[in-house]
Amino acid sequence: MQETLDLKQTINLPKTSFSMKANLPQNEPKWLARWAKENLYGEIRAARKDAPVFTLHDGPPYANGAIHLGTALNKIVKDFIVKMKTLEGFNTPYLPGWDCHGLPIEINVDKELGPRKAQMSTVEVRRACRKYAEKFVDLQRQGFMRLGVFGEWDKPYLTMGFEYEARIAEAFLVFLRGGYVYRGRKAVYWCIHCKTALAEAEVEYENDRSPSIYVRYPVATDPATLDPTLAGRKLWVIIWTTTPWTLPASMAVAFHPEFEYVAVGDDDPQGEAYLIESRRRVPVMEATGLNAPKILSTIPGRRLERLEIKHPFLDRKIPGVLATYVTAEDGTGAVHTAPGHGREDYQTGVQYGIDIYCPVDESGKIFEGLPEYVGKRVFDANAPIIELLKIRQRLMGPAGTLEHSYPHCWRCHNPIIFRAAEQWFINMDHRELRTRALEEIKKTRWVPAWGEDRISNMIAERPDWCISRQRVWGVPITVFHCLDCRKPILDADLASHALELFRKEGADAWYAHPEAELLPPGAKCPMCGGRNLRRETDILDVWFDSGSSHYAVLGHRPDMPWPSDIYLEAGDQYRGWFHSSLLVALGTHGAAPYRQVLTHGWVLDAQGRAMSKSLGNVIDPQEVIKTHGAEVLRLWAASVEFGEDVSISPEMLTRLSEAYRKLRNTFRYCLGNLYDFDPARDCVEAGQLEEIDAWALARTADLLDRARAAYAEYAFHKVYRGVYDYATVDLSAFYFDIIKDRLYTAPAKSLRRRAAQTALYRIADALVRLVSPLLCFTADEVWTHLPAPELREKSVHLARFISTAILREQISPLHAQRLENWPRLIALREEVLKALETARQEKFIGGSLEARVVLAVNGDLLPLVTEYRGLLRYLFIVSQVEISAQDVEGASATGLAELSVKIEKALGRKCDRCWNFSEEVGKDQRYPTVCERCSAALKEIGG
């Protein structure tokens, strides 16, 4: 008797509340609120409190402006590492920090205060700077938290924190006590707009145009003493410069001791002669129009030392000096030397005992010299000095211009100068500081590896560290001066008394208290015994501030020991934070503050251009979040090779949104087919899995191996690519497609269906943990939808990675042995699918279930195909498969030499339940509209 039955009710259709549409911009804030309410980060810390510690020390971003894509990339990649290490079982705290002192904040506060600043005390100005920094710390904190970055956001470290400021001052006193610190008059980078010295890390190079002139200096020494052939002639030295404004400070002319110089002139024995490096003779004559065709004499460079030369327009005699930095690649081979305005010039001045003369004030105005240029700013003085040279007949040829790379201030982006001024320095060669730094660099792992050479070269070539700045918003240099003998007192114990005030009041105490309260009782000058002492007014370089972060943050609690396991910042920090941290650490601890250093590149647009408002190519991370969600921004960070410069564009974000959708649907497929699955009750034994289920678990284990290895290399792009390919190729396009029939049509509690569900559960459980460092919102959402939450931690971020050994234990020895057949089976499937697609395009069939596949097989493929005869229809997703060892008429050749394929119409009628075609449909009187498989399933369901 025929039964009336709603067949749809007998199909195990997927059921899940895990939405296909993520609505990330709307749902991510809900997850953030949930995590905050549940104190998830606190629970993670508690759960790992007894685990081995892994410390990523956060480099402090500057508290000025909103977050941008560069800082977003930085924080996301750090979050990947912290979450990855947490899932590996480490105790991995993340204490974010901010760099709060420095010139950009002070300049912006100056603008906000305007004329009011003149009536304010130093302490009041500093408080305004603190308030400004606090505003941007809060703004950036919210931006970073919105990205899903876990950390101790409620108590970050701030370089303007009272305890931190005290530790900066304490670190300085360690250097002072160790004899590294000295005060001297040296030429340093100087910004005339910001009116302060600059560190190497605060200098950027941009193309600029400078004047290019040749100037002749008269030689006062009798030319005959150089060579008798020059007797009776007037001798000149020609120099070339692109900084005419430095000529008032010209104190010597440098020659290379190994170069050969020629005196050139004409046939007149009473005429003029000019000294030029021999290889530069022709270029100089062409550039200046000098008519001196005859080489009168050849003179070795070392003979020109102590040559007496006259300044071109001042009443000053200057010496000839020797210097190996003189080049013959351009210029004249003779270099005008101004020790007050050049690093190499300064070194030469010290070597020869020449006055370090600098007639330029802090704002760049020349305050001493001739009326033609006194009172002018240096760059404005170029033109009148060139005109003065013309009038004095010291200019050779026409003035030109040169476009070249010139140093600029990275804050105000204006050209800078070298300027000699009294500054505080750390001696790079005291106690072999430079040598020890180079040794520590070799002990550190650098990723990419070229980072080792980069920072080594910078350390090897850098001058002494200028640590003083002429501003107020920072940590003061805690030194006192004796007003009686006018000398600085380099006594660390004298300044230590002030540090306790710093801990209570911050560094403002240095300015708020009189000297008597900053000094210990009875303090006096150790040199003259005077008691009239004044405090230093310069502040420390902000790179000393941030470079002290390891000293201030690490080693003060059990879960954040010194040194850090890892530092991670952009490539500019080789001359910045990586650099200053290393030097401070050598002074305070005698070793590097990091075991490994990672570098990420710059964020560029699709054309490889830096983002700028003028180009209109800036992408605001907040706008990306509003449109796509933070998860897509995290996926972008995971998809790029962050060690290099990386690109981003709206088109890339659209593609990544599609990639995210595919990954989400992979999880949705698993969850939808696990709605009635209880892993404690329904998991089947390894030997009860079907072979394709074992294959899927093996592929998952392989993925875990590759991804865990990539995580260990911090190669997150390999994790992303591996997961994406696995999800779209191995799962969605293969395994999911094949098991759909079994999941939907087999009886709900049947072994065949439970086997597939067991595999799906283990795949989803392993995969969600694997991607959780990258897709933190989605992974936790998936986690809450997995069956049997009581068996797991309440958040995926409290969990551990699944061991590949556990997955492989779910594969029986027999299945493991037979998995070697699957590459050939997959290749077979690909050829059949090509034939089916051709038949579909030719309208011979609609869906693949309308097909009957005839395989003409020979050679080594025949035994394999015969062995897997019962699986093939499911592998190909067709209704019937026939195997022939003979040639089949109408069969088409394939990419496999042993295989030809023919597509025919499926035999029989279509089953109303599973949609397969079968000749058995109609033979069961009880269920006449279904095939033999569904008939058996319905009887099992009905009991």
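This is a predicted model: local features need pLDDT of at least 70, side-chain atom pairs count only at pLDDT 80 or more; totals for chains, interfaces and linings use all residues.
1. Leaving aside neighbours within four places in sequence, Ser 549 is in contact (heavy atoms within 4.5 Å) with His 57, Tyr 157, Tyr 164, Leu 554 and Trp 577. Ser 549 belongs to helix α16, residues 549–553; helices (H or I, at least four residues) and strands (E, at least two) are DSSP runs, numbered from the N terminus. The relative accessible area of Ser 549 is 0%, so the residue is buried; buried means under 20% relative accessible area, exposed over 50%, and partly exposed in between, with a 1.4 Å probe and protein chains only.

2. Residues are numbered from 1 along each chain as its sequence is written, and side-chain values use heavy atoms, with hydrogens and water left out.

3. Not counting residues up to four places away in sequence, Arg 130 touches Met 160, Phe 162, Glu 165 and Trp 473. Arg 130 and Val 109 are separated by 21 residues in sequence and by 9.7 Å in space, C-alpha to C-alpha.

4. The largest pocket holds about 1600 Å³ of space. Of the 45 residues that line this pocket, His 68, Thr 71, Trp 410, Asp 572 and Trp 602 are the closest to its centre. Two or more lining residues come from each of α3 (69–87), α5 (122–146), α15 (542–547), β23 (564–570), β25 (603–604) and α18 (621–627). Helix α3 gives the largest share, 6 residues. By residue class, the lining divides into 22 nonpolar, 15 polar and 8 charged; Ala, Val, Leu, Ile, Met, Phe, Trp, Tyr, Cys and Pro count as nonpolar, Asp, Glu, Lys and Arg as charged, and the others, Gly among them, as polar.

5. On a 1 Å grid over the protein atoms alone, a cavity is a set of points where a 1.4 Å probe fits but cannot get out, and a pocket is an open set with protein on both sides within 12 Å along at least five of seven lines; lining residues have an atom within 4 Å of a point. Grid points are joined across faces, edges and corners, and a volume is the space filled by probe spheres set on the points.

6. The second largest pocket has a volume of about 1000 Å³. Its lining comprises 32 residues, of which Thr 242, Thr 243, Val 335, Glu 344 and Asp 345 lie nearest the centre. The elements giving two or more residues to this lining are β6 (234–241), β13 (334–337), α8 (343–352), β14 (395–409) and β15 (417–426). The largest share, 5 residues, comes from β14. The lining of the second largest pocket divides into 15 nonpolar, 13 polar and 4 charged residues.

7. The count of cavities of 30 Å³ or more is 5. The largest cavity contains about 80 Å³ of space. Its lining consists of Gly 102, Leu 103, Glu 106, Thr 196, Ala 197, Glu 202, Arg 411, Arg 469, Arg 471, Ile 539 and Val 542. Both α4 (103–113) and β4 (196–197) give two or more residues to this lining, which divides into 4 nonpolar, 2 polar and 5 charged.

8. The second largest cavity contains about 60 Å³ of space. Among the residues lining this cavity are Tyr 41, Ile 44, Phe 150 and His 797. Helices α2 (40–47) and α3 each supply at least two lining residues, and α3 gives the largest share, 4 residues.

9. Three strands form an open sheet in the order β20-β19-β21, with antiparallel pairing; two strands pair if DSSP finds at least two bridges between them. Strands β20 (487–489) and β21 (533–535) stand at the edges with a single partner strand each, so one side of each has no neighbour in the sheet. Strand β19 (residues 480–482) is joined to β20 by 3 bridges, and His 481 has Pro 488 in β20 as its bridge partner.

10. Strands β27 (residues 851–857) and β28 run parallel and are joined by 5 bridges. Arg 852 stands opposite Gln 880 in β28. Strand β28 (residues 880–884) is mostly covered, with 4 of its 5 residues buried.
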